[in-house]
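I opened this notebook to record what I looked up in one structure. The entries follow the order in which I worked.

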Amino acid sequence: MKKYVLVLAVLATVGISCTDRDDELDAVNLRIKNVSSIIFDEVIVGEAPDPHMNVTPDSYSEYFIYETAYQYAYIQITSGEDTFVLQPIDFVGETELPIGFYTYELDVSDTGDVLLNFVID
């Protein structure tokens, strides 16, 4: 009987102490994935004060917290001496993203256009 009580106590402790990354989530968390073949030295998203830095091909940046975000945004990518920009016209009809984790998969076309694919993580 003592073994069963001990096992139940251990399971209860493990169950209570395990937390998931979104258990205490209170903001929009956004990261960048570089799906291009060039290194992104700096990626500015919207009016964020801090850029995502040094995102190599096929890798992710860290998550940054955003007060307001949409499925697309103003994006400025700097790679070496080159700068690439995605400039939305407006956000009419767009809904702000709810609290959660999101990724902007970014690519740069042969003509220098920034391509954005929005992903819910």
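**Entry 1: basis.** I note that this is a predicted model, in which local features need pLDDT of at least 70 and side-chain atom pairs count only at pLDDT 80 or more, while totals for chains, interfaces and linings use all residues. Residues are numbered from 1 along each chain as its sequence is written, and side-chain values use heavy atoms, with hydrogens and water left out.

**Entry 2: the open sheet.** I looked up the strand order and found an open sheet of 4 strands, S4-S1-S7-S8, with mixed pairing. Strands here are DSSP runs (E, at least two residues), numbered from the N terminus, and two strands pair if DSSP finds at least two bridges between them. Strand S4 (64–66) and strand S8 (114–120) are the edge strands, each pairing on one side only. I then looked at one pairing within the sheet: strand S1 (residues 28–34) and strand S7 (residues 100–108) are parallel and share 7 bridges. Isoleucine 32 has tyrosine 104 in S7 as its bridge partner.

**Entry 3: the hairpin.** I found that strand S2 (residues 40–45) and strand S3 (residues 52–55) run antiparallel and are joined by 3 bridges. Glutamate 42 stands opposite methionine 53 in S3. S2 and S3 form a hairpin with 6 residues between them, and glycine 46 in the turn has a positive phi of about 55°.

**Entry 4: aromatic pairs.** I searched the whole structure and found 3 aromatic pairs. Rings of Phe, Tyr and Trp (its six-membered ring) pair if their centres lie within 6.5 Å; planes under 30 degrees apart count as stacked, over 60 as edge-to-face and the rest as tilted. Tyrosine 63 and phenylalanine 101 are edge-to-face, at 4.9 Å centre to centre with 75° between the planes. Tyrosine 63 lies in the loop between S3 and S4 and phenylalanine 101 in strand S7, 38 residues apart.

Which residues of this pair are buried or exposed? Tyrosine 63 is partly exposed at 23% relative accessible area, whereas phenylalanine 101 is buried at 11%. Buried means under 20%, exposed over 50% and partly exposed in between (1.4 Å probe, protein chains only).

I also recorded tyrosine 102 and phenylalanine 118, which are stacked at 5.4 Å centre to centre with 25° between the planes. Tyrosine 102 is buried at 5% relative accessibility, and phenylalanine 118 is buried at 18%. Ring pairs link Tyr102, Tyr104 and Phe118 into a cluster.

**Entry 5: a charge over a ring.** I found the charged end of arginine 31 over the ring of tyrosine 60, 3.9 Å from its centre. The criterion is NZ of Lys or CZ of Arg within 6 Å of the ring centre and within 35 degrees of the ring normal.
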